[in-house]
Amino acid sequence: MLHSKLKNRSNFHQFDLHRKASGVTLIELVIVISIIGILAAIAIPSYNNQMMKGNRSAAQQALLDIANRQQQYFLDSRIFAADLATLNYTVDDDVSRHYTITVSADNTATPPIFTLTATPDTGTSQSTDGALTINHLGVKTPSDKW
């Protein structure tokens, strides 16, 4: 009888030890949350930077497309278009959400010239990126952003 009581008691302790071992302690939880916080602190700025580069790339592609259309328009009419509507160009939503694209043409200059500018909209993630430009000679500024 005593032996069976001791046996039952030892089974009880084994069960109790397994129950404690299967739980999560507060320290373990704090460590996991800290690791997640550190990873997020690294990943979120990197993600935002990649999004900024992607938006900039879309704006650059739009500027290159418009510059190409300007050159084609010039071959047909011997002047540069003063606006996007004349070029029959509509800015993509991906670009227009972050940038305002403007066309500046001086057809009185010899030879005629144009400058295209993509200015980041204030209040967007691109607002700290700076404006992008390309002119009739294909000069792109700022050079470190292209």
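**Reading salt bridges and strands**

Modeller: Asp 65 is partly exposed, with a relative accessible area of 28%. Buried means under 20% relative accessible area and exposed over 50%, with partly exposed in between (1.4 Å probe, protein chains only). The model is predicted: local features need pLDDT of at least 70 and side-chain atom pairs pLDDT 80 or more, while totals for chains, interfaces and linings use all residues. Residues are numbered from 1 along each chain as its sequence is written, and side-chain values use heavy atoms, without hydrogens and water.

Biologist: With which residue does Asp 65 meet in a salt bridge?

Modeller: Side chains of opposite charge can pair when their charged atoms come close. A salt bridge here is a side-chain nitrogen of Lys or Arg within 4 Å of a carboxyl oxygen of Asp or Glu. Asp 65 meets Arg 69 at 3.9 Å, N to O. Both belong to helix H2, four residues apart, so about one helical turn separates them. Arg 69 is also partly exposed, at 28% relative accessibility. Helices (H or I, at least four residues) and strands (E, at least two) are DSSP runs, numbered from the N terminus.

Biologist: How many salt bridges does the structure hold, and which residues are linked in a network of them?

Modeller: There are four salt bridges, and Arg 56, Asp 129 and Lys 145 form a network. Asp 129 meets Arg 56 at 2.8 Å, N to O. Asp 129 is in the loop between E2 and E3 and Arg 56 in helix H2 (residues 26-77), so this pair ties together parts 73 residues apart in sequence. Asp 129 also bridges to Lys 145, with the closest N and O atoms 3.0 Å apart. That pair joins the E2-E3 loop to the segment after E4, 16 residues apart.

Biologist: Are these three residues buried or exposed?

Modeller: Asp 129 is buried at 4% relative accessible area, and Arg 56 is buried at 13%. Lys 145 is partly exposed at 22%.

Biologist: How should I read the two sides of strand E3?

Modeller: In a regular strand the side chains alternate between the two faces of the sheet. In E3 (residues 132-135), Leu 132 and Ile 134 lie on one side, Thr 133 and Asn 135 on the other, and all are buried.

Biologist: Which strands pair with E3?

Modeller: Two strands pair if DSSP finds at least two bridges between them. Strand E2 (residues 113-120) runs antiparallel to E3 with four bridges, and Thr 115 stands opposite Asn 135. E4 (residues 140-141) pairs with E3 in the antiparallel sense over two bridges, with Lys 140 opposite Ile 134. The E3-E4 hairpin has four residues between the strands, and Gly 138 takes a positive phi near 85 degrees there.
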